[in-house]
Amino acid sequence: MVASTSVLNGGNPFGISAVSLLLFQAFIVIVTARLLSYVLRYLRQPVVVSEVIGGLILGGSALCRIPAFQQNLFPSTSLPIFSAVANFGLVFYLFLIGLELDPSKLLRAVGSSLPISIAGIALPFTLGVAVAKFIYDHYSSPDISFPSFLIFCGVSMSITAFPVLARILTERRLLHTKVGRTTIAAASIDDVTAWILLVLVIAIINNAGTAGASNTSYLIALYVFLVIAAFAVLLWFTLRPFYRFMLARAQSDPEYENTLLFLTYVLVLLAGWFTEMIGVQAIFGSFLVGAVIPHDYGFARRLASQIEDLIMIVFLPLYFAYSGLNTRLDQLNDGMAWGTVFLVIFVACAGKMIGCTSAAKLSGLSWRESAAVGILMNTKGLVELIVLNLGLNAGVITQKVFSIFVVMAVVTTLMTIPLLSIVYPPKFYADELEVVSESTESSESGAKSPKLAAEQGDDEKRKVLVLLPSMRAAQAMLAITSQVAGQAFDLTVFGLRMLPLDNRISTLMKATEREQVAKADPVLTVFKAFFGLQGVKSHSLLTFRNEVVPTVIEAAVHVSATTILLPDTPYRNVQEIVAGAPQANVVQFIDKGYGPHSNRAPDASSASADTVVTAPRDSSQPPDATVVAVLAGTADAADDDAEVLRFARLFAGPSSAGSGRPSATLRPIVLAPATGSAVSVDELGAKPLFMGEAASSSDVAAAARERITGGTDVVVIGAAALASLSEAGEAAETASTSSAAAAGLYGLRRYLEGATFPASVAVVHAHKSSAFFTVNVADA
């Protein structure tokens, strides 16, 4: 009988072919791990925990105990193919782990972190050896030699999962603190040492791992270990210099880098085949190739970013699922088994925490910092599971022992973040923003504008913090401060660049190489070049965080900013920044896709054409730009209105020689009626339009549009003017707030942000003691 090849012929949808079954297995595994990650994210657990638990749920401890589930989705005949695919992905994941390590930094950190690393290996290894006899007598196979089992237990207890630890440090903003630097260096040394010991263990297991093995077998195991060591030395002294030579040539000819990419993938496969062939696992060869690749010119980061998504999203969950299939928690069905579980957890935790904490304290850290180091070094995670699977596949441990140690690995990883939050909460440390680069001060920066001198004291300094989330936002932010050269005394501009923090290996590599990233980041490169040409002092601030509000506030305090310029930001965030940085004026600039004072709307080739849809301006109109300043006009809002006018005059005024920009006209709108207004025509320097007390958001928007007659235009409005607008009911409901200012803003933005409204919007939150600098602004 011919097997059915389609469900339309009545075939089993999971048994059409090995490929169809593998694809559906991968789908189930990946989706399960991702759904669990969304749940565990609220517990601040790393993604690896969800992948491990997902593997346990799908494996023999849970769903695979259901016969129909196991026979259809994970039949025994499919496991060899599933295992081969999972281990193929693991080979490239170990390559990424090696790539993540920077041996040059590791060598520099040996002096300060070596005692902690030694203590973190020696004490857990010793305690592991102590309990190995008990586990061997009760759960191990008599065919396995005790020395092999003893060494394996010692290595399993002393492992620190460097990849998981690095992600925890990054997510907790500990990476650049004293605790973070100490721990990551110690974990790096620990990780390398553990892999060396593991190579020795696997060599012994594969060549002298059975009871009664001869001395010749142990001698062969030693030869295998020495061959691996010689292979590592060969790669270091031949492959690493070759990569550096090729990378230097690639700076002038990109084809060299393409050749290196091809060569790297081939070497990973070849090195994996070599180490597998001589009697250890293929993962050791790929790890060595990754470890010797230099980090020069950001090549390692780019290489990791090209392959990590496929490995982390597809292949790694498959490996965890394979581990889950081998885990049988149902075999832990008596008191002695669970007593052994608690014994193993206690020994593993006690060895790491006591050893590393004591060594850290002797190294000069406080008790709280030392305890944090001990807790972090106790992280097991993925590396522990890799070790356990190697032992299970080699036959050195039974499935029951494997299950006991898997529970230990999961528990020690789960407990890391909760214990760290108790012992070392964020209030005890600060990951300060780092000034990663500084432009050369212009010799003309001391030249002072007479106009500015009349408005501020000679000793007064202006520090502007500019948030640069993207290249498009940077264009608008830089445009506002484009012609400060020669017009402000002692002006400094700080560019705050926030890069998102995620679980990708390349992101972690960026976080550990911030100076290199700052030099190569295109937004910061444009920022530094822009203000360098303008002759203005500038600093670049780079941080890896996802929380905009606390980062901007911290940066403003860090640099003592007098003005904060924000791109289009949710209003609730703006209000929090205003409250958290009371020493500075805060300006939210809603860019409509226009460069300042351009004479036309963007054409179809413009990058902003998809967000701004307006009819071309009439060529008969004069090429004048218009700045509309919306003022509250009351005595209570006098200070706020004054700051709105100062900021509006950044855009308004006659064109300067050689600036290439048209002149700009200031057209004020005053919300208070003319009879009760605290604003005079002489004070404004332009004829104002008085709206009256009952002005609504739509009225202001319509009036602003009528006043726009020139090229690219800007509407500047202050917080006091926003608060005086009507339509508080509907707008407050839209904003989910009872704030009158927020209600006015949301009501107004419904009109000003419309696709057909031809103007950008600047919302000014003024601070009384910090006046805006007054400069002219030219085209970006």
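Gln588 sits in strand 6 (residues 585-590), where strands are DSSP runs of E with at least two residues, helices are runs of H or I with at least four, and both are numbered from the N terminus. The model is predicted, with local features requiring pLDDT of at least 70 and side-chain atom pairs pLDDT 80 or more, while totals for chains, interfaces and linings use all residues. Residues are numbered from 1 along each chain as its sequence is written, and side-chain values use heavy atoms, without hydrogens and water. Gln588 has a relative accessible area of 0% and is therefore buried (buried is under 20%, exposed over 50%, partly exposed in between, with a 1.4 Å probe and protein chains only). Its C-alpha atom is 6.2 Å from that of Asp568, 20 residues away along the chain.

Val559 belongs to helix 24 (residues 548-559) and is likewise buried, at 5% relative accessible area. Beyond neighbours within four places in sequence, Val559 contacts Lys463, Phe494 and Leu541, a contact being heavy atoms within 4.5 Å. The C-alpha atoms of Val559 and Leu465 are 8.1 Å apart, although 94 residues separate the two in sequence.

For the chain as a whole, 31 helices and 11 strands are found, and 55% of the 780 residues are buried. Of the contacts between residues at least 6 apart in sequence, 78% link residues at least 24 apart.

Turning to helix packing, helix 14 (residues 335-362) and helix 15 (residues 367-377) have axes that come within 8 Å and cross at roughly 140°. Here axes are lines fitted to C-alpha atoms, for helices over the stretch in contact, and angles run from 0 to 180 degrees between N-to-C directions. Residues of helix 14 including Lys352, Met353 and Cys356 meet residues of helix 15, among them Trp367, Ser370 and Ala371. This contact comprises eight nonpolar, three polar and two charged residues (nonpolar: Ala, Val, Leu, Ile, Met, Phe, Trp, Tyr, Cys and Pro; charged: Asp, Glu, Lys and Arg; polar: the others, Gly among them).

Finally, the largest pocket is lined by 41 residues, with Val47, Glu171, Leu501, Asp502 and Asn503 nearest its centre. A pocket is an open set of points on a 1 Å grid over the protein atoms alone, where a 1.4 Å probe fits, with protein on both sides within 12 Å along at least five of seven lines; lining residues have an atom within 4 Å of a point. Helix 13 supplies the largest share of the lining, six residues. By class, the lining holds 21 nonpolar, five polar and 15 charged residues.
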